[in-house]
Amino acid sequence: MKLSTLLTRENRGRVASVLGGLILLPFVLSLVGAPFTGEEEMPGVFLEQPDPQYENCVRDAEYMRFQHMDLLKDTREQVIREGVKGGITLAGCGDCHRNREAFCDRCHAAVTLNLDCWGCHYYPETAAERIAARNGR
Amino acid sequence: MDRRNFFKTTGAVLAGASGAASLPVLSSCTSEPARAEESVLSGKRWGMVIDLRKCKPGCTACMDACREENNVAYHGDQRWDIHWLRKVQIRPEDETVAGEEKAVLLMCNHCDEPPCAQVCPVQATYKREDGIVLVDHHRCIGCRYCMIACPYNARFFNYKETEEWPNKDYPKRSHGVAESCHFCAHRLDQGGRPACVEACEAVGAGALVFGNLEDPDSEVSRLVAEGSVKRIRDDLGTEPKVYYLGL
C-alpha cells in the first residue's frame with residue numbers, strides 16, 4: 001500500500017491527530033494517574049517509635065528513599081578504612097525505626113534484594129531469629 | 001649534516017620536547033589531593049608488649065574478654081572455633097636440653113609489612129594508618145589466602161555462624177569470611193583500650209602492655225627501647241608490633 005493512499009487529503013488531519021495522541025499518551029496518563037499512585041503504595045512512614053533525642057532523620061525523606069544505600073556505603077568506608085566513628089550506624093537507624101520487618105525487609109523483599117546486613121550487625125528484635133533460621137537450614 | 005647526525009639531532013629534539021610536554025601532565029597525576037583535615041589515625045602506631053613472666057599459668061582472662069567483646073565464635077568444636085588470642089605450650093625442641101615449658105600468648109602480630117594484606121586479592125585485609133591490620137568483612141570473599149600467608153597462624157575462618165552474640169554493640173562475622181585480632185580498633189577509636197589488656201589488669205597480672213609506639217614516653221616504647229623484648233619470627237621481615245618479654 002502506498003503512503004499516498006493512506007494519507008489522502010481528507011484523512012491527513014485524522015492520522016496526524018492519532019499520531020499526536022499516541023506521542024502525548026504517556027504524559028497524559030502520568031498526569032491523570034498522579035493522584036492515584038505515589039504515597040499510598042509506599043509502605044508509609046516507618047517511624048514506629050521516634051527517639052526524642054533526634055529531631056529529624058539524618059537526611060530528608062526523599063534522599064533516604066532513593067540514596068540511603070550510598071550514604072550507608074560511604075559511611076562504612078569512612079568508619080572502617082579511616083576510623084571516623086560517631087556518625088551514622090545501622091543500629092542507630094533502629095533507634096527510631098524499631099520494626100526492621102517494616103522498615104527494611106518489606107521493600108527489599110519487594111525488589112528481591114537479599115540484605116546481608118543482619119547476619120553480623122545487630123538490629124532490634126528480629127536479627128537473632130533470622131540467624132537461627134539460617135544456621136538451621 | 002650527514003644522515004647519522006640528522007637522526008641523532010632530530011631524535012634528541014623530539015625526546016626533549018615530548019619529555020617537557022609530558023612533565024606537567026605527570027606531575028598533576030601524581031600529586032596527592034589535599035586532605036581537608038588531619039586523619040584521626042595519624043600520629044599513632046599501636047603496639048603491644050606481652051610479659052610472659054607475669055602471665056599467670058592457666059589464666060584465660062584475656063581470651064574470655066576477647067570473646068565477650070568481639071563476639072568471637074566458639075562452637076565447642078576444634079574445627080570451627082576461632083581464637084583471636086590463644087595460649088600455646090612451648091618446650092625446647094631437643095628433649096635432652098633442660099628448659100621449662102611455658103605458655104605463650106599468640107595473636108595477630110599486626111605486622112608493619114603484613115603478608116596477609118599483600119596477598120589479599122580484594123584488599124579486604126589492609127593496614128590502617130595507625131598500623132592496625134584489619135579485615136573489611138564486607139569485602140572479604142573468603143578465599144583464605146591470608147590464612148596461608150600469615151606466618152603466625154593468627155587468621156581464622158568462619159566456617160559457620162555463631163548464634164551467640166554477647167556484645168550487641170559490635171558486629172559478629174558472617175560465615176565465609178576470615179578474621180583476626182584487630183587490637184579492638186572500635187575501642188581505640190573511641191579512646192579506649194583493648195579488652196584483653198583491661199581484663200589482664202583486672203585479674204592483677206598486668207602482663208599485657210598496650211600503647212603508642214610513636215610516642216617515646218609511652219610504656220610500650222620504653223619497654224621496647226630497653227632492648228630485652230623479642231618478636232616471633234623476626235627473621236621474616238614482617239616487622240611485627242607485638243613484642244614479648246621473657247620469651
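Which residue, with a positive phi, follows α3(A)? In this predicted model, that residue is A:Gly83, whose phi lies near 70°.

**View 1. The bent helix α3 of chain A and the residue that follows it.** Helix α3 of chain A covers residues 61–82 and has 22 residues, yet its end C-alpha atoms are only 28 Å apart, which falls short of the 32 Å that a straight helix would reach at 1.5 Å a residue. A bend of about 80° is found in α3(A) at A:Gln67, and A:Gly83, with its positive phi, comes after the helix.

**View 2. The contact between chain B and chain A.** On the side of chain B, 18 residues are in contact with 15 residues of chain A. Those residues of chain B that touch chain A divide into nine charged, five polar and four nonpolar.

**View 3. The open sheet of chain B, in the order β8-β1-β9.** Three strands form this sheet, and their pairing is mixed. Because β8 (208–212) and β9 (242–245) of chain B stand at the edges with a single partner strand each, one side of each is left without a neighbour in the sheet. Neighbouring strands are turned by 20° against each other on average, direction ignored. Strand β1 of chain B, residues 46–51, runs antiparallel to β8(B) and is joined to it by five bridges; B:Trp46 has B:Asn212 of β8(B) as its bridge partner.

**View 4. Helix α7 across the strands of chain B.** Helix α7 of chain B, residues 219–226, lies across β1, β8 and β9 of that chain and runs at about 105° to β8(B).

**View 5. The two assigned domains of chain B.** The domain assignment gives domain 1 as 1–31 and domain 2 as 46–245 of chain B, and the centres of these domains, taken over C-alpha atoms, are separated by 54 Å.

Key. Residues numbered from 1 in each chain as written. Chains lettered and ligands numbered in written order. Predicted model: local features only at pLDDT ≥ 70, side-chain atom pairs only at ≥ 80, totals over all residues. Helix = DSSP H or I, 4+ residues; strand = E, 2+ residues; numbered from the N terminus. Expected span 1.5 Å × (residues − 1). Bend = angle between axes of the 7 residues up to and from the residue. Contact = placed C-beta atoms within 7 Å. Nonpolar A, V, L, I, M, F, W, Y, C, P; charged D, E, K, R; others polar. Pairing = 2+ DSSP bridges. Axes fitted to C-alpha atoms, helices over the stretch in contact; angles between N-to-C directions. Domains from an automatic or database assignment.
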